[in-house]
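Visitor: Please take me through one part of this model in close detail. I would like its surroundings as well.

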Amino acid sequence: VTGLFAAFFFVLLLICLREAAALGRLSKVDGLRRSAQRALAEEDLNAARRLSDQLVALYRHRKETEWSRDRFAELAPDQMDAAALIFLAEQELLKPLDAMAVREVEAAARQVAPITALVPLALADVVAALTANVRMIRRIAEIYGGRSGTIGSWRLTRAVLAHLVATGAVAVGDDLLEPVLGGSILGKISRRFGEGLVNGALTARVGVAAMAVCRPLPFSEGKRPRVRGIIQRALERLIGSS
């Protein structure tokens, strides 16, 4: 009995340490984003250089950023103001990670849309969509270096929902899908298929919000992925694979 209790508390300790490490990684990424915002607001070149060094250290073990890190190290000394240096870091260090995150969002949207359209059970599609969204948020956090545990996942989900509410991006419907599909198409197709498209579009919005929350740098002007483009590519690949 003593041995079982010891094993139980040992496993519990490991779980707590894992959750604490995950929360620490998320806090580190949050701290980098706040540092970038301060450096941009104060136009502090020294703070921007410290931030860029931290970013390079964060991704030094990521093979997909190896070429980008070398290019950034070559170009960074020529930057003479904070905004230019942070923009270069975003362009060189985060560009491959942004592409990976966008692919995750497209994959989640492609998964949610047909599930909603084809699953006849009332709550099964809701559970499937929620699971796909939570998994997408966790994966996006991992891409940007903020791997999360169970507690961290719920914290991330809450932050993403708060971001959606703050930016007014909760509502989605015919106004978003018509330019993608052409015409008032939701009125011409089955109700379930229309719901699937709407849920896929909402998943894309959640994914873009997750990128904004999990990214160590804020999006510069014109760099935020367009939800409409993500939906269009997701639907094209879904139709092409069917």
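Guide: Buried means under 20% relative accessible area, exposed over 50%, and partly exposed in between, with a 1.4 Å probe and protein chains only. Proline 216 is buried, with a relative accessible area of 0%. The model is predicted: local features need pLDDT of at least 70, side-chain atom pairs count only at pLDDT 80 or more, and totals for chains, interfaces and linings use all residues. Residues are numbered from 1 along each chain as its sequence is written, and side-chain values use heavy atoms, with hydrogens and water left out.

Proline 216 sits in the loop between α9 and α10. Helices here are DSSP runs (H or I, at least four residues), numbered from the N terminus. What does proline 216 touch, not counting residues up to four places away in sequence? Its contacts (heavy atoms within 4.5 Å) are Val29, Leu32, Arg33, Leu55, Tyr59, Leu94 and Tyr144. Aspartate 30 lies 186 residues away along the chain, yet the C-alpha atoms of proline 216 and aspartate 30 are separated by 6.5 Å.

Tyr144 leads on to the core. A nonpolar core is a set of buried Ala, Val, Leu, Ile, Met, Phe, Trp, Tyr and Cys residues joined through side-chain atoms within 4.5 Å. The largest one has 45 residues, and Ile140, Tyr144, Met211 and Leu217 touch the most other members. Elements giving two or more residues to this core include α1 (2–42), α2 (45–58) and α9 (191–214). α9 gives the most, with nine residues.

Methionine 211 also touches Tyr144. Its other contacts, not counting residues up to four places away in sequence, include Asp98, Ile140, Phe219 and Pro225.
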